[in-house]
Amino acid sequence: MAVRQWPGWKLACGLAMMGLAMMGLAVLGHAPARADDQVAVPLVWVSLTVKSKVASTVLMPPPTEEGLQGARVALSENATTGKFTGQNWSLEEHAEASNEAVLDAFRAALAAGRKLFVVDVPAPLLLQMADLPEAKDALLLDATSSDDSLRGADCRRNTMHLLPSRAMLADTLMQFLTIKGWRNILLVPGPHPEDQLMADAYRRSMKKFRLKIAADKPWTFVAGARRSDTGHYAIDAEVSRFTQGLSYDVLVVADEAGDFADSIPFHTTDPRPVAGSSGLMPQAWSPVFEQWGATQLQLRFKKTTGRIMTSKDFGGWMAVRSFGEAAVRTHSADPATMIGFIHSPQFELGAFRGARLTFRPWDGQLRQPILLADTRQLVSVSPQPGFLHQVSELDTLGIDQPETACHLN
Amino acid sequence: MSPQLILRAGAFAAALLTAAPAFADRLFVSNEKDNTITVVDEATLKIIATIPVGARPRGIVLSKDGKSLFICASDSDEVEELDLATLKVVRTLESGPDPENFDISLDGKTLFVALENDSTVGFLDVASGKTVKAVPVGVEPEGMAVSPDGKTVVDTSETTSMAHFIDIASGDVTANVLVDSRPRRATWTPDGKFVWVTSEVGGNVAVIDAVSHEVVHKIAFEIPGVTKDQIEPVSMLITPEGNTAFVALGPANRVAVVNAKTYAVEKYLLVGQRVWNLAFSRDGSKVYTTNGISNDLSVIDVAARKVTKSIPVGGLPWGVVVAP
């Protein structure tokens, strides 16, 4: 276990405390923010470490401590704000290699009275954690999953989700294709269970927006040699054969692990754009994203971690910032008060989208505009103009209240 | 004195008395994407010069003697001084990393610089070009405003959602006022009694009592046909007599005209896209706006409350300053 405090804490804290002590007037929370009566706000990070299967390239080395690094950057932001509110933020880090170790660490933290968790674990393990009786009054902010079942039949009152679900990602792309009038889609799911779930989300979304599945054709070729010498010839032959005789406007590929999706663009028989896991990608965060002040976070993240920020990092960042927002707005470090506020309609998160981000009360999902970007540029942001909703246009993305399978009680 | 000099002096005096156009002011616009400053003749609204400056120029402010323009060259991590007579960058000042925006002390000796990446406000000594003090504030400081009495500077920190009141003499933070999400800018009322703070995500203006540091009012905006999320208030101007305020609403592409006494929104003026910063002409009859997405500058007639003209400037125009 590692307990992390913001590294610059002591120095900046000292400086700020000098200022605050001298002014003799604390406006916020009426709490005199002296070093000796700082209120502690301990957060706990729990993750199952998974070895990256993505091959390293010069352009994109596999991100280290993905998700956690975002949480750390947000912790330093909470800490800076905490200097002025008399709150001393910390993040206990439990990155464990097995399900059992994750559960043990989680139980131990609960036994120590911790209530505020940021988690990065697969869906089945998340359910095991959320269902522990002692976790009933805790809040688990799911920083990294996109699993629809966790927002549906398997939703839990003590679990909320920061990143978009697969259904939201699918709607992000399909709304754009609808606007463009690219209506005939060649859907190419990969072999993994996650790819099947993503493909299901695309199928559901195509039905929702009345787009046509020109063909639904699973990818079976094992593309081991793309980056070996002359490997591109084999890829070109394979993708050409794969797309021969099919008539469609756009090829949508579901390959969450990134095994083959990048092999498809420019190799298709007909000249057609690629979207999904390559080409035009729906995502929560992208290194090309600069709008609404995002540049500041991109630079801050890069400076602190030495690498570019990913969607999972953004999930970790939003989770820790959500706790930060709750503490500042309620003037409280009491977990029950903070959790109550996060569940309330008053909660709003500013997260570089212009819009105020709020949680859907019926399934604990954060509403958010979602990016569509390729590797070099932001192409669009959904919801697209014209997709209307009686409550929030952000609810045109993903599973809406009338259709939810989540019945929180 | 030689006859020639007397003649010149006489002509100068005559020109001062009669012809405003000969001494028309100039508008200086920082273009964030082009790394230039566009100079516009105020009388004709024609571009007279485009000056290359440091990377990502954003905040600009006039020196108190009116002879120089200070420029935050954000990606060059420095402040530049542009000589307004020669239109050349004559000096760089060591501001620290990523200066975004600043204001100048009443005596003109100090620049208060928002150092966005460091979460500090730097006190930059103009004479030496060195930062003499760094005050830790909240995350992503941006707005900077010196009080009319010159004793206090207010910073707004976007991610911390606070306005920090800093005593200039001591460098102490004297108050931290929580406002709505992502506060962008601060502006003092001319009587020094209130500070207005815009919140980008909150979509409103908080009016803070400068003595009690309480938020006494929030000004909200509603525009038919414009979604709430597009209303992101940024820069503000308040007329010298303190009656009327102009609030730039960012991607709503409008400037709100607000009664500064009753806080009622009286009119929305359609300007260019992503309206960001504002400046009064020196006689107060015009307001100039920079419009980041349409790459232009709009001219508002203050008395008529009408947009009379827009002129193209550089790429992603950010700040605007009126100078002799």
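Reader: In this predicted model, which residues is A:S47 in contact with, once its neighbours within four places in sequence are left aside?

Author: Leaving those neighbours aside, A:S47 is in contact with A:H94, A:A95, A:E96, A:V102, A:D120 and A:V121. A:S47 itself is found in strand 2 of chain A.

Reader: Is A:S47 buried or exposed?

Author: A residue counts as buried when its relative accessible area is under 20%. A:S47 has a relative accessible area of 5%, and it is therefore buried.

Reader: Which residues of helix 11 of chain A are buried, and where do they fall when one looks down the helix axis?

Author: In helix 11, which covers residues 335–343 of chain A, the buried residues are A:M338, A:I339, A:F341 and A:I342. Seen down the axis of the helix, these buried residues fall within an arc of 160°, so they line one face of helix 11. Among the elements that cover them are strand 2 (39–48), the strand in which A:S47 is found, strand 3 (87–96) and helix 10 (311–330) of chain A.

Reader: How is the size of an interface often given, and what area is buried between domain 1 and domain 2 of chain A?

Author: The size of an interface is often given as the accessible area that is lost when the parts come together. Between domain 1 and domain 2 of chain A about 600 Å² is buried, and carbon and sulfur atoms give 59% of that area. Ten residues of domain 1 are in contact with seven residues of domain 2, while the C-alpha centres of the two domains lie 32 Å apart.

Reader: How many salt bridges and how many residue pairs in polar contact are found across this interface?

Author: Across the interface of domain 1 and domain 2 of chain A the rule finds zero salt bridges, and one residue pair in polar contact, with both residues at pLDDT 80 or more.

Technical notes: Residues are numbered from 1 along each chain as its sequence is written. Chains are lettered from A and ligands numbered from 1 in the order in which they are written. This is a predicted model: local features need pLDDT of at least 70, side-chain atom pairs count only at pLDDT 80 or more; totals for chains, interfaces and linings use all residues. Side-chain values use heavy atoms; hydrogens and water are left out. Buried means under 20% relative accessible area, exposed over 50%, partly exposed in between (1.4 Å probe, protein chains only). Helices (H or I, at least four residues) and strands (E, at least two) are DSSP runs, numbered from the N terminus. The arc is that of the directions from the helix axis to the C-beta atoms. Contact means heavy atoms within 4.5 Å. Domain bounds come from an automatic or database domain assignment. Buried area is the accessible area (1.4 Å probe) that two parts lose on being put together, summed over both. A salt bridge is a side-chain nitrogen of Lys or Arg within 4 Å of a carboxyl oxygen of Asp or Glu. A polar contact is a pair of N or O atoms within 3.5 Å; within protein, one must be able to donate a hydrogen and the other to accept it, and residues adjacent in sequence count only if both atoms are side-chain atoms.
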